[in-house]
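Q: I would like to learn how to read local features from a set of coordinates. Could we work through a case together, one residue at a time?

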Amino acid sequence: MQRTPRTLLLCGLTALSVSCKKPADPLAEQRAVCTGLEQQHQLRPGLSVDECARKLKETADLNDPARKAAELADRIVRLATQGRAAEKVELRDAQDSLQGLGRPAVAPAMFRLQGTQDPVARIALARVLVGICGADCAERKLDCIVPALLEGTSDDVPPEARREAELGLYHCTGEQFGDDARAWRKWWSDRSAQASR
């Protein structure tokens, strides 16, 4: 098919109109609420609809547990990798706060656990996940607890923490690999591969 200048012009205009569409308004929902308040004369005097919408969005974002969890997980990694003694209390507080969020903290913590190579940060996140997912063993839900416990089997972990992680793995899975970290990791890798088929 031969394209005429008119066809090319129409194609160009069509492509331009598609690419120039405005993105969705991220404040549309909040703007509608604020517009309703304004129409009912309940909007604080001097507060514009746009400012009201931004404030509502900020409040919603601050109260989003997944967002809080991601911020806390990032903070834990930062504090753990810095490793200064003065920050240990701050690290423990961040871990407690993340664990306090419960299930919404699992995905962000697991994401950061998988994304960092620092062993201290990995252990710090794993402790939080063990605290959140510990009860999963009874229901044989292993996707959170096993990766967290596996972090405790690394060579750079103190022997008492290693033994605790190995006992946790044994009680949770019924598998008997003792102190063979490689065997535990291979078992989990094989199991995960089978589950994804």
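A: Let us begin with accessibility in this predicted model: Ser 48 has a relative accessible area of 35%, and because buried means under 20% and exposed over 50%, Ser 48 counts as partly exposed.

Q: Which backbone nitrogen does the side chain of Ser 48 reach?

A: The side chain of Ser 48 reaches the backbone nitrogen of Glu 51, at a distance of 3.0 Å.

Q: How many aromatic pairs does a search of the whole structure find?

A: The search finds 3 aromatic pairs. In one of them, the ring centres of Phe 177 and Trp 184 are 5.0 Å apart and the planes stand at 80 degrees, so this pair is edge-to-face. Trp 187 and Trp 188 form a tilted pair, with 5.8 Å from centre to centre and 45 degrees between the planes.

Q: Which residues form one aromatic cluster, and is Trp 184 buried or exposed?

A: The cluster is formed by Phe 177, Trp 184, Trp 187 and Trp 188. Trp 184 counts as buried at 1% relative accessibility, and both Trp 187 and Trp 188 are buried as well, whereas Phe 177, at 26%, counts as partly exposed.

Conventions: Residues numbered from 1 in each chain as written. Predicted model: local features only at pLDDT ≥ 70, side-chain atom pairs only at ≥ 80, totals over all residues. Heavy atoms only, no water. Buried < 20%, exposed > 50% of the residue type's maximum accessible area, 1.4 Å probe, protein only. Polar contact = N/O pair within 3.5 Å; in protein donor to acceptor, adjacent residues only side chain to side chain. Phe/Tyr/Trp six-rings, centres within 6.5 Å; stacked < 30°, edge-to-face > 60°.
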